[in-house]
Amino acid sequence: MKPIIELDHVSMRFNLELEKTDTIKEYFMKLVRHQLKFNEFYALKDISFSIKRGESLALIGENGSGKSTILKIIAGVLRPSHGKVNVHGGVAPLIELGAGFDMDMTARENVFLNGAMLGYSRQRMQMSFDSIIDFAELQDFVDVPLKNFSSGMIARLGFAIATQVKEEILIVDEILSVGDVRFQKKCHERMSELMSGGTTLLFVSHSMDQIRQICNRAIWLDHGRIVSDGDVNSTCDAYLSALEKKN
């Protein structure tokens, strides 16, 4: 069976400005005069792997290892500097808290805004609206602007939208670290339900317990390179063992 996601020798380079510029005008003046100095930084270095349809894969590693960069490339937020990425299915990304939301708009308005960004009609989002609000437990806050929401409430709304539209690929980056334990359990149950229906999951978390509970495979990243790719328990054990030796 053809993989649903394929990364073929993917690298991601960022140009980091070496000198501080205080204003946009100063930045563009230096740019025009070729006075800007950059330092090349590779967030990913020659990454290759594929994901089967229905697989649940965790990306693990310390901060700065390249996990979120991979997710953003797969979601289409970033384009790799080198290599190829093939994604054979719709993607529902939960990459950053509040991404895709307008904080001045209400929860009701943001449901339709977020749905439109994911390519869904107003009619479809109207059909899903009650289920989204019920799952997010925001019945009393439907017409309240998101700027008045807590981070946990925003996370609940984002998760409810992403999992209600039921794309073939669900990307979750640390979003479950926000909110109470009861709602995290509810999210786990929803993801298990989606995976039993064939949804492919990419999951990033610093909680090895969450990863072991949800995923069957893990890729350990370090400074933009793959250290290990295999069974979730053996890969997590190797990663934790390396951390203990390092500390």
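Let's start with strand S6, where Ile169, Ile171 and Asp173 point one way while Leu170 and Val172 point the other way, and all are buried. Here, buried means under 20% relative accessible area, exposed means over 50%, and partly exposed is in between, using a 1.4 Å probe and protein chains only. Strands (E, at least two residues) and helices (H or I, at least four) are DSSP runs, numbered from the N terminus. S6 covers residues 169-173, and five of its five residues are buried, so the strand is largely enclosed by the rest of the structure.

A quick note on what you're looking at: this is a predicted model, where local features need pLDDT of at least 70 and side-chain atom pairs count only at pLDDT 80 or more, while totals for chains, interfaces and linings use all residues. Residues are numbered from 1 along each chain as its sequence is written, and side-chain values use heavy atoms, with hydrogens and water left out.

Now, what does S6 pair with? Two strands pair if DSSP finds at least two bridges between them. Strand S5 (residues 91-94) pairs with S6 in the parallel sense over four bridges, and valine 91 has isoleucine 169 as its bridge partner in S6. Strand S7 (residues 200-204) also pairs with S6 in the parallel sense, over five bridges; there, leucine 170 has leucine 201 as its bridge partner.

Next, the nonpolar cores. A nonpolar core is a set of buried Ala, Val, Leu, Ile, Met, Phe, Trp, Tyr and Cys residues joined through side-chain atoms within 4.5 Å. The largest one has 47 residues, and Leu157 and Met191 have the most contacts inside it. Helix H5 (residues 151-164) gives the most to this core, with eight residues. In soluble globular proteins, nonpolar side chains tend to be buried together.

Over to helix H3 (residues 107-117): its buried residues are Ala107, Asn110, Val111, Phe112, Asn114 and Gly115. They pack against helix H4 (122-136) and H5. Just after H3, glycine 119 takes a positive phi of about 90 degrees.

Finally, zoom out to the whole protein chain. You'll find eight helices and nine strands in it, and buried residues make up 44% of its 247 residues. A contact means heavy atoms within 4.5 Å. Among contacts with a separation of 6 or more, 71% come from residues 24 or more positions apart.
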